[in-house]
Amino acid sequence: MANALQFLTFSDVWRSMGPEIIVIGGAFLIMLVELFLPASLKRVSPWLAVLALVASATVLVIRLGAAVTTYSTPAYIVDDFGSIFKLIILIATLLVILLAIADRSAESLPYEYSYLVLFATGGAMVISSGVDLVTLYVGLELLSIASYILVALYRKSARSAEGGLKYLIIGSIASACILYGLSFLYGVGGSTNLGQIGVNLQSGWTNYSGILYLSLGFVLVGIGVKVSVVPFHLWTPDVYEGAPTPVTAYLAVVSKAAVLAFFLRVFVWIYGQKFGQWGDIIAWLSVITMIVGNIGALPQRNVKRILAYSSVGQVGYLLLPFAAVGSSTLLNDMWQALSSIAFYLFAYMFMTIGAFAVLAKVAEARASEDIDAFAGLYRRSPFLAGMMALFLLSLAGLPLTAGFFGKFMIFLVAFNAGQYWLGVILFATSAIAFYYYFGILRAMFTREPAGDQERVRSSPTLVVVVALCALGTLALGIAPSPLMDVLNGLHWFG
Amino acid sequence: MIGLTWLVPVLPLAAYIILLASGRRMGEAVAAGISVTAVFVSFLLSIGIVGDVAAHGPAAPTVYPWLQFGSGSAGTITVGYQVTSLNALMLLVVSLVSMLVFLFSRSYMRGDDRFSRFYQYLNLFVFSMLGLVVSPNLLQFYIFWELVGVCSYLLVGFWYFKPEAAAAAKKAFIVTRIGDVGLFIGIILLYLSRGTFDFNTLFGAASAPSGMMIHAAAPLAYAGAKFFSLWYIPFAGWHAGAFVTLVALLVFIGAIGKSAQFPLHVWLPDAMEGPTPVSALIHAATMVAAGVYLVARMFPLFEASATASETVAVIGGFTAILAASIGLTQRDIKRVIAYSTVSQLGYMMLAMGVGAYVSGMFHLVTHAFFKALLFLAAGSVIHALDTQDLFEMGGLRKYLPVTHATFLAGALALSGIPPFAGFWSKDDILTAAFTSGHYVLYAMGLIAAFFTAAYIFRVYFLTFSGVYKGDRHPHEGGPAMTIPLIALGVLATIGGFINTPFAPILGNFLQDQGPIGFNPPANWALMAVSALVGLGGIWLAYTLYRTEEGRAERFAQRAGGLYTLSFNKFYVDELYSLIIVLPVMKIAGIFQFLDRWIIDGIVRLAGEIGYTGGVGVKYSSTGQVQTYGLVTVFGLAVMVLIVIGIGGVI
């Protein structure tokens, strides 16, 4: 190790971690600058974060498609898999920060969020590219700890503090499970490097299968908690409800995408060879997650909780392609599954952040997140109502929206793999989802606004966020090919 | 210009979006102005495109991949546009008639509460129709095909507060949907056997010997379509020819619905409940012609199957005579013209069926001119009198001179009197039927022509001659109404000269890539017969309605049962009511019972379970973080047991 480090120059590090360096460096810079800024100028700090994200994304995009870069005993890898997840993470973070800037009710939000979000994002990016158990775990903790603080950022709100504490406790259980599972892996594999473990396990699997499965179980449960797979999802509605809305959007999109990257990387690289034996667990988890997540949303009246349950259901959809390719020995099927997951993540990002953005504005105007706050929104703000309708229809998977093609791709994977029942459940639960989305649509378009009829005025930044999300939702819904072409052309793991 | 083809449908779409976004705040003049301008530019572009095609020939289709779900061209669905001489001609006709109708509507719809909404729908319709015309593949074609159906529904039911209009809109939509199902199955079968939706590739091998381009019994011709192969019904043992016939007939069912051919013609007369400009645009010149256009577009398919072409010809001929005979007795001015449309569409199908591709398209063009004219003139009359009953009109020649003159031109064209436009095209079709040896169909067409002249001049005499029977002061509707009438009047008069036997300009244009179908040779004797039959029909109308009071009634009494049959439209609607709607309703009643008490019960039970489950999920979320931790650990224990079980340790 020491030997390897001697040969590392800064340009090597920059080549493999450029985008991460910009994000983390930006976070430190904002942290410092924020200390010295007078109160009236503090609002520039989120814009600095925007700048850092844009710079990082630019560097990332320039790199996209370049040859795989690692450095000697690789702890870090720049492959298309990592890059595409990082791209999703960066775009989503950017949208979330813009939303935080636009959200007036977030004015009470201390400006510390701008660098906390960057730290979390840095962690998320490290997870996407890490190929060493320690690196991965450090990234995961960086993301988690920053997220705990973000949830509790409303110091004066009891719900926010409560949510933060819950997230911390449950998140710690998850981290413990993951760490415990990884320790078995290290014990059997004799290395912390994923590739090395994979090689060692090829011969060692039969001797240690009990311990390996134990490690798989622990890691799976830990990840299940973090991405809220049923039955480890119970914290989700509480935490989502308590957190400031932009943070909720962050948890729902960035956090999930990063942990999903962790899951895919570790499970494909290490446990992949015995997929046929444990693949059904993922399928079953995916199925109960789809069912419980969508059914759980039915009796809710708080829109944020509805979206929280809906995001649980969406995780079920995201796990489905991975579960479906199961027994396939064709590498192509795995690539197709990864493309469909990435495509769905793009779609999910646009529609979820868009929906949370509209929710933030509506909740602010009515000081309530209840579904009644949406009553007659069409009269009060046709723009927000129309956009919300688009996001909800996309979440429900109607044609000409991103959600439709996302589900369609997932369905194709399930179909190609011959796992028709998974496809059927996908459709059945989407139909259930339509019911509760429709409740919001009905409130917006057919009910009379309660109380004051005043128009909801959206700030320009909010309009930009919502319009960007709508554009993404529509563009992927009408012309999915460009993104599909990019995804199909990727060399996922180099 | 061909490079700008995409702009032709996009302009009305842009106008639609503008009106959608801010139509409610716009004045009538602005809304109409935007719409007319958009279509006018489309029209100018169409002229350019026709010129381009005439000068340089058709262009290769411009397509963009839209959806990729498998390997190779079979797994790629494209969108784009294509210009051949046929498309270019349709673009020109559709944009021209649309433009004139848009202008006419400015006056006709003046003061309507939803004026801008009307233009909004019209724009959407024109976009859909133009999009249909330029579609390079069947799937895109089908999407626009359905879209024009939706627009027709919206426009027929525009005055939705009238129960008849709402019912007519529903009927139009449902009846045409029956045809659409056939078309859709046909498209799917074509795709399964050919692996493409593109018109070009679809018929790429059409010139193969004996038209056996479709290998019905062969497995899928493309690789990597695992997912489609599951649904492939190979029709093992089918003769390729039988398969072609099946597909062609299925496609034709779509055309029957859209072009209101027997037995699905019943929706068109009812659709007259819509505003008259809608009838002129959609139910005379454009949408109903889409069925004929479909047959023309798929002409190689029909050529490959003699059975299918014969069916097209027979259905067309029968529809022509049936609808014409119904038109003789109707009292509503618009319904007469509607039955006339059904009948004329029958002629076009007859032409396509006997292989006279150019004649059919020629009649489509001239018919678009004179039928849009007749509808608009009828609209002008209705606008002036506020009634559609022929027997409350009369003597309008004095009050509405422009309407009178143009209606007369349209009526002469429809009757097939030389040198008006309809004469050349209708005679072409009759000649084609005769020369190709379809003597019965020729006779039917000839009798239908006689009826045609009789019913349209019955309308003419009842409306314009004699004395006015009402108590209003009819007057013309202003230049926005008269200009379209005059323009169409000129076209109905001289439009036939685009394809006379001396100078077949249209024929040469359409067949720039070599001959298509069968071109009937000029036959002077048949021409003379056609003209005489037309004059005979006019004479009949004149003697019945102009010579002696009450002569028509006596004639009707003497005709007895025949008259009643015609007046009641041969009871087709009642028949459908009896043999289809009633049994369906009966069955539906049984199903409703099952549905309400058994299926619904199950569904409601499932809903209850779901809801209760949801409440359960809700209460499992107690808010107690200890519980969450406990559940997580419990889940962990279960998971560990499962994985250890898989690992085979216990």
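This is a predicted model: local features need pLDDT of at least 70, side-chain atom pairs count only at pLDDT 80 or more; totals for chains, interfaces and linings use all residues.
Biologist: What share of the area buried between chain B and chain A comes from carbon and sulfur atoms?

Modeller: Between these two chains the count of salt bridges is zero. The area buried between chain B and chain A is about 3400 Å². Carbon and sulfur atoms give a share of 76%.

Biologist: Which element supplies the largest share of the side of chain B that touches chain A?

Modeller: Four elements of chain B each supply at least two residues: β1 (62–68), α8 (226–229), α26 (572–620) and α27 (625–647). The largest share is 14 residues, and the element that supplies them is α27(B).

Biologist: How many charged residues does the side of chain B that touches chain A have?

Modeller: By class, that side has 21 nonpolar and 11 polar residues. The charged residues there number three.

Biologist: How many residues of chain A are in contact with chain B?

Modeller: Contact is counted on each chain. Chain B contributes 35 residues. On chain A the number is 46.

Biologist: What percentage of the residues of chain A count as buried?

Modeller: Chain A has 19 helices and two strands. Among its contacts with a separation of 6 or more, residues 24 or more positions apart account for 81%. Of the 494 residues of chain A, the part that counts as buried is 64%.

Biologist: Is L441(B) buried or exposed?

Modeller: L441(B) lies in helix α20 (residues 439–464) of chain B. Leaving out residues up to four places away in sequence, L441(B) touches A313(B), V314(B), G317(B) and L350(B). Its relative accessibility is 7%, and the cut-off is under 20%, so L441(B) counts as buried.

Biologist: How far apart are the C-alpha atoms of L441(B) and G316(B)?

Modeller: Along the chain, L441(B) and G316(B) are 125 residues apart. The separation of their C-alpha atoms is 9.1 Å.

Definitions and conventions: Residues are numbered from 1 along each chain as its sequence is written. Chains are lettered from A and ligands numbered from 1 in the order in which they are written. Side-chain values use heavy atoms; hydrogens and water are left out. Contact means heavy atoms within 4.5 Å. Buried area is the accessible area (1.4 Å probe) that two parts lose on being put together, summed over both. A salt bridge is a side-chain nitrogen of Lys or Arg within 4 Å of a carboxyl oxygen of Asp or Glu. Ala, Val, Leu, Ile, Met, Phe, Trp, Tyr, Cys and Pro count as nonpolar, Asp, Glu, Lys and Arg as charged, and the others, Gly among them, as polar. Buried means under 20% relative accessible area, exposed over 50%, partly exposed in between (1.4 Å probe, protein chains only).
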